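The following note sets out numbered points for discussion. Please read them beside the structure shown here.

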Amino acid sequence: MPAILETRNLRKEFGGLVAVADVSLTIERGAMHSIIGPNGAGKTTFFNLLSGKYAPTQGTVFYNGNDITHVPFHQRAHLGIGRSFQITNIFPNLTVLENIRLAAQALSSVNFRFWRSVTAYPEFTRRALEVVELVGLRDAAHYPASVLPHGGKRKLELGILLAPNPEVLLLDEPTAGMASEQVPELIATIDTIRKEGGRTIVMVEHNMSVVMGISDRITVMNLGSLLAEGTPAEIAANETVQRVYLGELYGSADELVHK
Amino acid sequence: MQSWRQFLKENWFFLAVFVVLVLFPHLVGWLTESSPFGVLRGDRYIMRGESTLWQAILIESFALSVLVMSYNLMFGFTGVISFGHAMFFGLGGYIVGMLLEFPEFAGIDPALRLFIGLLLTIVICGVIGLGIGFASLRLRGVYFAIFTLAVAEMVWIYFSRFDRTNGEDGLTISQMPAWIDPSQNRLALYYVSFVIFVLTFIFIRRLVNSPTGAVFKAIRENEDRAQAIGYHTLRFKLMAITIAGMFAGIAGIIHAILQKSARPEFLNVKFTVDSLLMTIIGGVGTFTGPVIGSTGLYLLDNQLRDQVVTIGSTTIDIGDSWNLILGFIFVIVVLIFPYGVVGTYQRWRAGRKNKS
């Protein structure tokens, strides 16, 4: 399968700290690609480089074979790359529908039509209603986003992302802070989204069980560089990964419990 | 037919206010038995009587309302806090004042000069707004506010020292075209400023309810997210500050014509702070809030300032301690109406609707 996103020797330094150290990674079209790693591994920084929130210190990002390293943040959305945030990031005082409608409108040419009412453009409302349905928020469509429970906000986050119909979704810890019994529902939603549009999803995740269950490929990061890459089975069998990441995380916790 | 009914149902309140304001000078005249045109002395009218007095109060309220509505467009709907809004307000007055007073423009018909003044104000305030935006909108929140304050103070100091407009004394406008002169034909100025007020209200309402306005609100709510979904937020913020600057300039023209002068105080940060307070008291991000906030505070100021209250042996001159009283009003309003008068009312109504 051809690569949809590719990074070559991507590097980001903050002062003396190297947050991402020369990462070269290929993401295949249509894949569900997860990036895992312990805290401080540089996952979110890497994500910010992919979405254009930060400019890299060195290296290149390719999207469909084109160099997009210097394409600004808001322009990447127009190319078809949507991203979500680890911290819930919505428009709190607007309704759920309006949140999504805004995202649907973003890539059109009506944004500077200031003399006509928004109701003169029903296509965006229609798309917003579709998406509200897809992420399972239909009953809450007319409530202000701020009153949604946390799980609902995470779904809204997905909805905002989905509204403009992007090719690539960058999900930054979509299950962050969710109660564990809500996680399977969200994962199911992500899976639906992926199948609906044949989309590519790149996901940073902390929750191991989530990643193992639905990913096609997994990349493990540690201290800013790539540690391993492969299918979930390969990653689970990889000794270095077990030692550095799984071992650290689960091994030490196990020891604490058993002592 | 159906759409007309719908329109009436949604806008009956505004239509009622509109009709009352159109009739207002005549209503007051009828109630107080004074002529809305003033008192005829020889071949000209003198502005005496309750009706003309109230016209002046409302003209000032219209000017302040336009100023505060423009501030609200920026602060309440787009989330950009500027401390330099008085600069646009004062500049509008100075541009018209200089056009009317400076001898080099004496050859042009005064009415035409007024019209040129309006166009120039819109262009200059727009260009300055755009320039300030370009230079500083990349700064966020308080840094942008400080930058606008600095620019506005520079303009204020410049006009305080500018010889040709008499420095701190300001420019007295004596060459006013008679048809709009508030000391000869106040009723005309009343209707002109009323039309400007209505057009501003409609324009801002349409703008905020348009796709562009939706983006303004998105920026206010969460600028990072608006960028992430693909909006070039800087452009929209530039648009908001430019439009707000233009309307503030127009408000300044009305103010200067009514005062028949352009003085450095008009450029002073006081007008910015007043706009901010009036927006907050009326209701941030509402349409009627700025109008109610500005008119309410101005009327209080106007009616209370000259009163002297005697309680027992202490006599309080309200004019002397006006700022103290204003402070109290502000604290009380913020406590009772945390979202401003209109904002709190709307939430209360929405809450009742949801329950029933």
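1. A residue is called buried if 20 or more other C-beta atoms lie within 10 Å of its own, exposed if 12 or fewer do, and partly exposed in between, with C-beta atoms placed from the backbone. By this count B:E101 is buried, because 21 other C-beta atoms lie within 10 Å. B:E101 belongs to helix α3 of chain B; helices (H or I, at least four residues) and strands (E, at least two) are DSSP runs, numbered from the N terminus. Two residues are in contact if their C-beta atoms, placed from the backbone, lie within 7 Å. Residues up to four places away in sequence aside, B:E101 touches B:L171, B:I173 and B:Q175. B:T165 stands 64 residues from B:E101 in sequence, with 9.2 Å between their C-alpha atoms.

2. On provenance and numbering: the model is predicted, local features need pLDDT of at least 70, side-chain atom pairs count only at pLDDT 80 or more, and totals for chains, interfaces and linings use all residues. Residues are numbered from 1 along each chain as its sequence is written, while chains are lettered from A and ligands numbered from 1 in the order in which they are written.

3. Helix α3 (residues 85–101) and helix α5 (residues 142–161), both of chain B, pack at an angle of about 30° with axes 9 Å apart. Axes are lines fitted to C-alpha atoms, for helices over the stretch in contact, and angles run from 0 to 180 degrees between N-to-C directions. The angle therefore makes α3(B) roughly parallel to α5(B); angles under 35 degrees count as roughly parallel, over 145 as roughly antiparallel, 65 to 115 as roughly perpendicular and the rest as oblique. The contact is formed by B:A86, B:M87, B:L91 and B:Y94 of α3(B) with B:V151, B:A152, B:V155 and B:F159 of α5(B). By class, this contact has 8 nonpolar, no polar and no charged residues, where Ala, Val, Leu, Ile, Met, Phe, Trp, Tyr, Cys and Pro count as nonpolar, Asp, Glu, Lys and Arg as charged, and the others, Gly among them, as polar.

4. α3(B) also packs on α9(B), at an angle of about 50° and with axes 7 Å apart. That angle makes α3(B) oblique to α9(B). The residues of this contact divide into 9 nonpolar, 9 polar and no charged. On the α3(B) side they include B:G90, B:G92, B:G93 and B:G97, and on the α9(B) side they include B:G245, B:G249 and B:G252.

5. In chain A, the axes of helix α5 (residues 150–162) and helix α6 (residues 183–197) come within 11 Å and cross at roughly 10°. α5(A) is therefore roughly parallel to α6(A). A:G151, A:R154, A:K155, A:L158 and A:L162 of α5(A) make the contact with A:L186, A:T189 and A:I193 of α6(A). By class there are 4 nonpolar, 2 polar and 2 charged residues here.

6. Beyond its neighbours within four places in sequence, A:I100 is in contact with A:A128, A:V131, A:V132, A:G159, A:I160 and A:A163.

7. The contact between the chains takes 21 residues from chain B and 28 residues from chain A. On the chain B side, α6, α7 and α8 each supply at least two residues, and α7(B) provides the largest share, 8 residues. By class, that side has 8 nonpolar, 8 polar and 5 charged residues. Helix α7 (residues 211–221) of chain B is mostly covered, with 11 of its 11 residues buried. Its cover includes α3 (96–105) of chain A together with α2 (50–77), α6 (186–208), α8 (223–228) and α9 of chain B.

8. Most residues other than glycine have a negative phi. A:L223, not a glycine, has a positive phi of about 50° and lies in the loop between β9 (217–222) and β10 (225–230) of chain A. B:K260 likewise has a positive phi, near 50°, in the loop between α9 and β4 (261–262) of chain B. A:L223 is partly exposed, with 14 other C-beta atoms within 10 Å; B:K260 is partly exposed, with 16.
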